Every structure is written in structure tokens, then in C-alpha cells.
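Open the model in your viewer and keep the selection tool at hand. The stops below say what to select next and what is there.

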Amino acid sequence: MRGLVTKSTGSWYLVESEAGKRIQCRIKGKFRTKGIKTTNPVAVGDWVQYEYEPDQDSAIITALEPRKNYIIRRSINLSKQAQIIGANLDQALLVVTLASPPTSLGFIDRFLVTAEAYDIPAVLVFNKLDLFSEEGVDILADYMAIYEQIGYPCYAVSAREKTNMAEVRQLLKDKTTLVSGHSGVGKSTLINAIEPSVELKTGEISDWSDKGKHTTTFAEMIDLSFGGKLIDTPGIRELGIVDIEKGELAHFFPEMRARLNECRFHNCRHINEPGCVVLEAVENGEIESSRYDSYLSIYHNQDTRN
Ligand code: GDP
């Protein structure tokens, strides 16, 4: 039998058969993901083969079909193991807010680098539009312009007031989309607004220093009634960049990637080298300084290989 993994709790997996029946599965045998050590061999979005157990109430996953792509996060115990949080994705959507709580540009940029590294188109949804004054909306437009200019589609919405939901539905229609965002940005409220039948619990936060409450902890696939699927990633604060080499990092910033061949040195790190076109572009404002700061921060601090 062939099915799609729609939920994973570590030891149990919920698999949807091609006929649409959901069945609890366990795994038997070893499943490997080439190149990385993973804490979970099978992830939401994976297509698997399974066999019913004699009781017929549950099944065993016997094989994993090749993935189009996947996205991971580093495991919390820093053991160099990674958790695969979604597979076979068409796009990754990050919900962000400029206030209440503010999402840092560094956080946004790390998410985008991860999506680039796994070759998954990324989209930014700026939520809580209703909180902004006219001046705030202008600032929001400036932020959106930074990302739109380098090729990332941006949407401004209010999940609470259901503003601009038609555009978001259009974006999600007939695609498999991983939805991410740190706690409190309104990811659950947004999913509920897009697909009211889902009824995800939303965490009430009293002020922005409060991180909000996690209501569930495992990735789960949600069917969209208008076509398409969401992979919700509750409690997943940040995606991981485990296997980017420092020398490759600039390739994952589209505005740098476009210029790399023009640097004087072919192995330019874009830090202080003479004849570096990236530095030149930062100085003359063609590359946004916040983006370059994120490059430096990932280059120096992240768990990247030398
Ligand atoms: P999650 O942690 O990202 O899933 O966030 P929730 O959906 O639980 O929302 C966190 C808080 O933000 C809740 O108090 C929501 O009511 C509030 N919230 C969500 N969307 C909006 C919005 O568009 N505008 C405003 N003002 N508040 C929102």
C-alpha cells in the first residue's frame, strides 16, 4: 500500500492512503537520509509504502519513496543530528510581524538562507496589519520592498481581521506549503482564517515580551478545502542550517549570488577583500545593509563547516 505521511510524533506516524483513509503506522527497519544524521527517518510530506499488521488497525512503514526535497531543523541537543520537519514541499511560508512581537531581520534572513539551501521557494507573510498606523504601514512597505526586490514575494495581512486572505489562498492553492513562524506572530490565527474548519488553538499573549504558548508540538499536514496542503510546524522556532559551507553561504543570498563572478578573487569571502563587488554593492546601497549583516552573522556564528 502507498500513502502520504500527514503527522509524525516520533514513534507513530499517521499515513493517509491513496483512498483517503488515515492509518496509524510504525516503522520497521532502517531508513537513511543521504548526507545527514536524522532523529526522525520519516517526515510529514513523505510518500511511503506500508503493510497492514494482522490486527488491521495499524500498519508498518516498509519503504520511503525518494523525496523531491526536504527541510530540517537542528536537533535541540546539538548532537549534529537534524530533524526533518517536512518533505516534498512546493514552498515555505514564514509568518512574521514587525511588532507585537517583532520578528528580527536576522531571523527572517536565516529562514530564507535555509530555504535557498534546500532549493525551496520562500514567501513572507507580514501579519497584524491592523496594528499599524499610516506611518507604520509605510515602514512595513519599506521592509517588504527589501525582500521583494531580491525575489521573495511578500504579503501584508491581518489574520485577526481576515484582511487580504484571498491573496494568501491563491498563493497556497494546489501547493504543499510549509508554514513557519516564531510563537506569537499569529500563525495559528492565520491558518484558522484561511481554513476555518481546522480550528487550531491560538495562544493568547498578553504583551510582546511573552513568547506565547505552544499548543501542539508535532508537524502536521492540513488539507485545504480549496486545494492544496499546509504543513504546520508548531513549536518549531527555527529551521536549521547544518550543512552549508562558509564558502557557499553567499550563494544563498540571491542578491550576492548574482554578483559573485565579478569579485577580483574567486575565493572572495566578501568580508574585507579588495575588489569585492559585494562590499561595493553594500556601500552604494544596492545590497541592503541588514542583509549583509545577516550574511556576516551567519558566516561567523552559525554552525557551519569551515
Ligand atoms: P502563533 O503562536 O503564531 O500560532 O500565534 P497565535 O495565532 O496563537 O496568535 C498569537 C496572538 O496574536 C493571539 O493573541 C492572537 O489573537 C494575536 N493575533 C493573531 N493574528 C493577529 C492579527 O492579525 N492582528 C492582531 N492584532 N493580533 C493577532
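**Stop 1: a tyrosine and its neighbours**

Select Tyr 70, which is buried, with a relative accessible area of 16%. The cut-off behind that word is under 20% relative accessible area. Bear in mind throughout that this is a predicted model.

Arg 67 lies over the face of Tyr 70, and the distance to the ring centre is 5.6 Å.

**Stop 2: aromatic pairs**

How many aromatic pairs does a search of the whole structure find? The search finds 5. One of them joins Tyr 50 and Tyr 52: the pair is edge-to-face, with 5.8 Å centre to centre and 85° between the planes. Colour the two residues by accessibility. Tyr 50 counts as buried at 1% relative accessibility, whereas Tyr 52, at 27%, counts as partly exposed.

Next select Tyr 118 together with Tyr 70. These two form a tilted aromatic pair, 5.7 Å centre to centre and with 50° between the planes. The pair links distant parts of the chain, 48 residues apart: Tyr 70 is in strand β6, and Tyr 118 is in the loop between α1 and β9 (122-126). Tyr 118 counts as buried, at 12% relative accessibility.

For another arginine and ring, select Arg 2 and Trp 47. Arg 2 lies over the face of Trp 47, at 4.1 Å from the ring centre.

**Stop 3: salt bridges**

Side chains of opposite charge can pair when their charged atoms come close. In the whole structure, a search finds 16 salt bridges.

Start with Lys 68 and Asp 90, a salt bridge whose closest N and O atoms are 2.6 Å apart. Lys 68 lies in the loop between β5 (58-64) and β6 (70-74), and Asp 90 in the loop between β7 (82-87) and β8 (91-96), so this pair ties together parts that are 22 residues apart in sequence. Is Lys 68 buried or exposed? Lys 68 is exposed, with a relative accessible area of 55%, while Asp 90 counts as partly exposed at 28%.

Move on to Glu 286 and Arg 259, which form a salt bridge with the closest N and O atoms 2.8 Å apart. Glu 286 is in the loop between α6 and α7, and Arg 259 is in the loop between α5 and α6; the pair therefore ties together parts that are 27 residues apart in sequence. Arg 259 counts as buried, at 18% relative accessibility.

Then select Glu 16, Arg 22, Asp 223 and Lys 229. Salt bridges that share partners join these residues into one network.

**Stop 4: helix α7**

Select residues 289-301, which make up helix α7. The helix has 13 residues and reaches 18 Å from its first C-alpha to its last, close to the 18 Å expected at 1.5 Å a residue.

Which residues of α7 are buried? They are Ser 290, Arg 291, Tyr 292, Ser 294, Tyr 295, Ile 298 and Tyr 299. Show what covers them: this includes α1 (105-117), α2 (134-149), α5 (254-257) and α6 (277-283).

Because Asp 109 lies in helix α1 and Arg 291 in helix α7, the pair ties together parts that are 182 residues apart in sequence. Both Asp 109 and Arg 291 are buried.

Conventions: Residues numbered from 1 in each chain as written. Predicted model: local features only at pLDDT ≥ 70, side-chain atom pairs only at ≥ 80, totals over all residues. Heavy atoms only, no water. Helix = DSSP H or I, 4+ residues; strand = E, 2+ residues; numbered from the N terminus. Expected span 1.5 Å × (residues − 1). Buried < 20%, exposed > 50% of the residue type's maximum accessible area, 1.4 Å probe, protein only. Contact = heavy atoms within 4.5 Å. Salt bridge = Lys/Arg side-chain N within 4 Å of Asp/Glu carboxyl O. Phe/Tyr/Trp six-rings, centres within 6.5 Å; stacked < 30°, edge-to-face > 60°. Lys NZ or Arg CZ within 6 Å of the ring centre and 35° of its normal.
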